Amino acid sequence: WWMGGVLAAVPCARTYASPYTQATTEEGKAPVHPALVQGTLLIAGKNLLDPHFARTVILLTDYGDDGAAGLVINRRTNLAASQVLPQLKELVTGLEPIHIGGPIAVNHIRLLVKADTAPEGATQVTGNIFMIDTVESLKQLGPEHRNADDVRLYMGYAGWAPGQLEMELLRGDWYTWPASSEIIFSRHPENIWNELIYLATATWI
């Protein structure tokens with residue numbers, strides 16, 4: 001969705017062009033990594049210093065031959081959606097605060113919703129977690145899905161070209177972890193990375 005004027009209102013967010021090259025198979029398609037599936041969490045490794053992704057946890061919302069996309073779930077802001085998006089004030093009031101979902105398309109918003117059944121127009125990411133990425137679907141989001149504990153609003157997203165995320169995973173930039181609504185909709189997103197990196201790097205006996 002185009003949100004005129006929003007870009008300047010969101011600090012430290014801009015379109016990000018990755019320096020990594022694409023990796024393809026002989027058939028011209030990017031290799032698919034068995035640990036990467038839609039609904040997986042990516043936990044940034046301790047040595048990943050890129051400021052866009054350092055100490056982030058990302059929910060993969062799309063993964064396939066065309067690349068991957070996801071939402072950073074642990075960068076909450078103090079910005080009220082109704083103030084940053086005055087043209088959608090009636091639709092986003094109560095969906096506070098804004099989260100920075102990634103450095104790409106920061107003038108677009110997406111919602112993650114926890115629900116037993118899919119909200120109208122939403123797509124299932126995994127389990128009881130659904131994504132809304134159109135104005136029409138947002139308009140149809142009923143009050144039963146607007147509980148502050150069950151919805152998160154993001155501006156921007158993270159994206160990878162075909163083969164790029166696989167290369168980063170092999171290089172050790174990321175750990176993978178199963179997603180859950182308890183993690184995605186945590187009331188303390190600032191703690192998510194610390195908790196998950198400890199679990200992902202622990203030596204289990």
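Arg-55 lies in the loop between strand E1 (40–44) and strand E2 (57–64); helices (H or I, at least four residues) and strands (E, at least two) are DSSP runs, numbered from the N terminus. The model is a predicted one, in which local features need pLDDT of at least 70 and side-chain atom pairs count only at pLDDT 80 or more, while totals for chains, interfaces and linings use all residues. Residues are numbered from 1 along each chain as its sequence is written, and side-chain values use heavy atoms, with hydrogens and water left out.

Phi of Arg-55 is positive, near 60°, although the residue is not glycine. With a relative accessibility of 47%, Arg-55 counts as partly exposed; the cut-offs are under 20% relative accessible area for buried, over 50% for exposed, and partly exposed in between (1.4 Å probe, protein chains only). A positive phi, about 50°, is also found at Ala-105, another non-glycine residue. Ala-105 belongs to strand E5 (residues 104–114) and counts as buried at 19% relative accessibility. A cis peptide bond joins Glu-96 and Pro-97, with omega about -10°. Pro-97 is placed in the loop between helix H2 (89–92) and strand E4 (98–100).

Over the whole chain, the secondary structure consists of 6 helices and 9 strands. Of the 205 residues in the chain, 48% are buried. Among contacts (heavy atoms within 4.5 Å) with a separation of 6 or more, 69% are between residues 24 or more positions apart. The accessible surface, from the Shrake-Rupley method with a 1.4 Å probe, comes to about 10500 Å², and carbon and sulfur atoms contribute 52% of this.

In helix H6 (residues 192–201), the buried residues are Ile-192, Trp-193, Leu-196 and Ile-197. Viewed down the axis of H6, these buried residues fall within an arc of 110°, so they line one face of the helix; the arc is that of the directions from the helix axis to the C-beta atoms. The cover over the buried residues of H6 includes E1, E2, strand E9 (174–178) and helix H5 (181–184).

Leu-111 is in strand E5 and is buried, its relative accessible area being 0%. Not counting residues up to four places away in sequence, Leu-111 touches Leu-95, Phe-130, Met-131, Ile-132, Leu-138, Leu-141, Val-151, Arg-152 and Leu-153. The C-alpha atoms of Leu-111 and Ala-122 are separated by 9.3 Å, with the two residues 11 residues apart along the chain.
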